[in-house]
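Let's work through a few exercises together. Have the sequence and the 3D view at hand.

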Amino acid sequence: MTDYLANVRKYDSGADEAIVKKIVTHLGIALRNRDSSLVSCTDPEELGRVKEKWCGKKLGITGDAADKAVEAVCKAMADDRTKSRVTFYYLTAKELGKLGALA
């Protein structure tokens, strides 16, 4: 858990530990596999799943807003070759103004 929080705090120094923990719990078993614990911004199918399942189903945001949020997070994390799914989801929720919905 502390590794996830430290990674999120590279991008948001005031990241809420409770929210990070909820994202970790939400992702659960997916975090055990290296491939599924990371997000690839170069894979359109991957980004489509993030938009559908995280933005749409969990956060209730679809369409252009979800597209722009995911694109913004890809840009923010561009220098990070291994984009942690926990960090990516946290930043996407923050970009959409939905961190409060996860608290």
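Predicted model: local features only at pLDDT ≥ 70, side-chain atom pairs only at ≥ 80, totals over all residues.

Residues are numbered from 1 along each chain as its sequence is written, and side-chain values use heavy atoms, leaving out hydrogens and water.

**Exercise 1.** Find the mean pLDDT of the protein chain.

Solution. pLDDT is the predictor's confidence in each residue, from 0 to 100. The mean for the protein chain is 95, and 100% of its residues reach 70 or more. Among its elements, H5 has the highest mean (98) and helix H6 (residues 99-102) the lowest (91).

**Exercise 2.** Describe how helices H2 and H5 cross.

Solution. Start with the axes (lines fitted to C-alpha atoms over the stretch in contact, with angles from 0 to 180 degrees between N-to-C directions). Those of H2 (residues 17-27) and H5 (residues 85-95) come within 10 Å and cross at roughly 120°.

Next, look at the contact (heavy atoms within 4.5 Å). Ile19, Val20, Ile23, Val24 and Leu27 in H2 meet Arg85, Val86, Tyr89 and Tyr90 in H5. These residues divide into 8 nonpolar, no polar and 1 charged.

**Exercise 3.** Search the whole structure for aromatic pairs and classify what you find.

Solution. The search gives 1 aromatic pair (ring centres within 6.5 Å; planes under 30 degrees apart are stacked, over 60 edge-to-face, the rest tilted). The rings of tryptophan 54 and tyrosine 89 have centres 4.6 Å apart and planes at 20°, so the pair is stacked. Tryptophan 54 lies in helix H3 (residues 44-58) and tyrosine 89 in helix H5, so the pair ties together parts 35 residues apart in sequence.

Key. Helix = DSSP H or I, 4+ residues; strand = E, 2+ residues; numbered from the N terminus. Nonpolar A, V, L, I, M, F, W, Y, C, P; charged D, E, K, R; others polar. Phe/Tyr/Trp six-rings, centres within 6.5 Å; stacked < 30°, edge-to-face > 60°.
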